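Hi there,

Here is the structure I promised to pass on.

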Amino acid sequence: MSQQSNWPLWEVFVRSSRGLSHVHAGSLHAPDHEMAVRNARDLYTRRNEGVSLWVVKSTDIISSDPDEKDSFFESPQGKDYRHATYYKASEGVKHL
Amino acid sequence: MAERTPQEPGLSAVPSYEEEQSQARFDVLIDQDSRVEPRDWMPEPYRKTLTRQVSQHAHSEIIGMQPEANWITRAPSLKRKSILMAKVQDEAGHGLYLYSAAETLGTSRDELNDQLLTGRAKYSSIFNYPARSWADMGAIGWLVDGAAIANQVPLCRASYGPYGRAMVRICKEESFHQRQGFEILLALSRGTDAQKKMAQDAINRFYEPSLMMFGPPDDQSPNSQQSMAWKIKRFSNDELRQRFVGMIAEQVKVLGMSLPDPELHYDEDKKQWIHKDLNWDEFMAVIKGNGPVNSQRLERRREAHREGAWVREAASAYAAKQVQSEVA
C-alpha cells in the first residue's frame with residue numbers, strides 16, 4: 001500500500017514579527033526546499049503567526065549529545081559572578 | 001526538534017546497570033514534572049503507549065475531516081462554506097502536527113499511514129457516525145470538538161515534549177471549531193420549527209457518542225492508571241467526562257434545546273452534573289469496526305490516498321529534476 005517517497009524531513013522556524021528571532025515551530029515532510037517552504041506556510045502560518053519562515057533539513061542539524069548534557073552545560077554552575085545580581089555592595093548607588 | 005533516533009531496546013530481559021541508571025533518570029524527569037524529549041532514554045512501554053496514543057490522535061484528525069468535508073458544498077452560505085473549509089484545513093494540520101510528534105518516537109510516517117489504511121490502527125469512535133444534516137455541523141462543532149478540547153487541554157502538559165507542544169498549537173485552533181458549531185446551532189434554534197427540530201435531532205444523536213469520546217469508565221480502562229503515572233494523562237476518563245457534561249448541561253440552556261438524558265441532574269452534595277449510564281456495548285462495537293460508517297470512512301481515506309498518488313509522484317519527479325539541473 002505504501003508507495004512512498006521517503007521525502008526528507010524539514011524543521012520549520014517562524015519569525016513572528018520583525019525584530020524577533022526565528023523560533024522552531026515544528027516539522028514536515030516535503031520533496032524539496034521549495035515545497036517545504038510552501039507547506040510550512042500552509043501548515044504553520046494560517047493565522048498571522050509570522051512574517052518570515054526558515055526550513056532546514058533535519059539531517060543538517062547537528063545537536064549536542066543528550067548523554068553529555070551534564071558535562072556539556074555544567075560550567076555556569078557556581079559562576080554567580082556572571083550575573084549583575086551578584087554585586088550587592090553597589091546596591092542603591094544611582095544610575096549604576 | 002524532531003529527532004528520528006530511537007534508542008535500541010535492551011536485548012536482555014534483565015536490566016543492565018546502564019538501563020537502571022537510565023530508568024532512574026527518566027523517573028526523576030517524570031517526578032519533577034519535567035519533559036521527556038525525543039533523544040532521552042525512555043522505557044519501551046512508555047514509547048509504545050505514546051506512539052499508539054499520538055498516532056491514534058493523528059488518525060482521528062485525518063478521518064475527522066470527512067463528515068465535514070461532505071457538507072462543504074451544501075453549506076447554507078458562502079461564509080459558512082469558508083468557515084467549514086478553514087476547519088477541515090485545520091484538522092489536516094492537526095493530523096500533521098501529531099504525525100510529526102509520533103515520528104519523533106521512531107515510527108516513520110509511511111508506517112503510520114499504512115497502519116491507518118490497512119485498519120491496523122484505531123481512531124476516535126465518534127467519526128464512525130454519519131453527519132446527516134446541516135445541523136450536524138453544529139452538533140459536531142459544539143459537542144465533538146467540545147469534548148476534544150476538554151480532553152486536549154490537559155494533554156498540553158503531557159510529559160512527552162513534542163506531544164505537549166503539538167497539543168498547545170492544536171488547542172489554540174480548536175476553540176474556533178467549538179464556537180462556530182455552537183453558533184450554527186444557535187442560528188437554527190432561532191429559526192423555523194423545522195430548523196429547531198433539525199438542531200434538536202442533531203444534539204440527540206451526538207450527545208451520547210460525544211460523552212463516550214473520553215473512553216471507557218475508569219474501572220474498565222486498563223491503561224489509564226499507567227498513563228497517569230507517566231503523566232501523559234492528567235485526569236481520568238470519568239473526571240473529564242464529568243467536567244464536560246457539566247459544561248454542556250449549562251450551555252444547552254442558551255440554545256433553548258435539551259440533552260437527551262432523562263437522568264441528567266445536578267447533584268447538590270457532589271456539586272456536579274450526573275448523567276445516565278452510557279451504552280458501552282455500542283462503544284465497543286464501534287471501536288471494533290462495526291459502527292454505522294466505519295467501512296465508508298476507511299474506504300474514502302484509501303481512495304483519497306490513491307487519488308493523491310500522482311501529486312506525490314509529480315512533486316518527487318519535479319524535486320529530482322531540480323537536483324539534476326543543479327548538477328548539470
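Chain B folds into 13 helices and two strands, where helices (H or I, at least four residues) and strands (E, at least two) are DSSP runs numbered from the N terminus. Its radius of gyration is 22 Å, close to the 20 Å from the globule rule for 328 residues, so chain B is as compact as a globular protein of that length. That radius is taken over C-alpha atoms, and the rule is 2.2 Å times the number of residues to the power 0.38. Along the principal axes, the C-alpha atoms of chain B fill a box of roughly 65 × 65 × 35 Å.

Some conventions before the details. This is a predicted model, in which local features need pLDDT of at least 70 and side-chain atom pairs count only at pLDDT 80 or more, while totals for chains, interfaces and linings use all residues. Residues are numbered from 1 along each chain as its sequence is written, chains are lettered from A and ligands numbered from 1 in the order in which they are written, and side-chain values use heavy atoms, with hydrogens and water left out.

Buried residues make up 53% of chain B (buried is under 20% relative accessible area, exposed over 50%, partly exposed in between; 1.4 Å probe, protein chains only). Among contacts (heavy atoms within 4.5 Å) between residues at least 6 apart in the sequence of chain B, 77% join residues at least 24 apart.

Now to the nonpolar core, meaning a set of buried Ala, Val, Leu, Ile, Met, Phe, Trp, Tyr and Cys residues joined through side-chain atoms within 4.5 Å. The largest one has 92 residues, and Leu28(A), Tyr46(B), Trp142(B) and Tyr163(B) touch the most other members. Helix H6 (residues 134–155) of chain B gives this core its largest share, twelve residues. Leaving aside residues up to four places away in sequence, Tyr46(B) touches Phe26(B), Val36(B), Ser159(B), Tyr160(B), Trp230(B) and Ile232(B).

Two backbone spots may interest you as well. Asp33(B) is not a glycine, yet it has a positive phi of about 60°. Asp33(B) sits in the loop between helix H1 (17–31) and helix H2 (44–63) of chain B, and is partly exposed, with a relative accessible area of 44%. Lys271(B), also not a glycine, has a positive phi of about 55°. Lys271(B) belongs to the loop between strand S1 (265–267) and strand S2 (272–274) of chain B, and is exposed at 57% relative accessible area.

Best wishes
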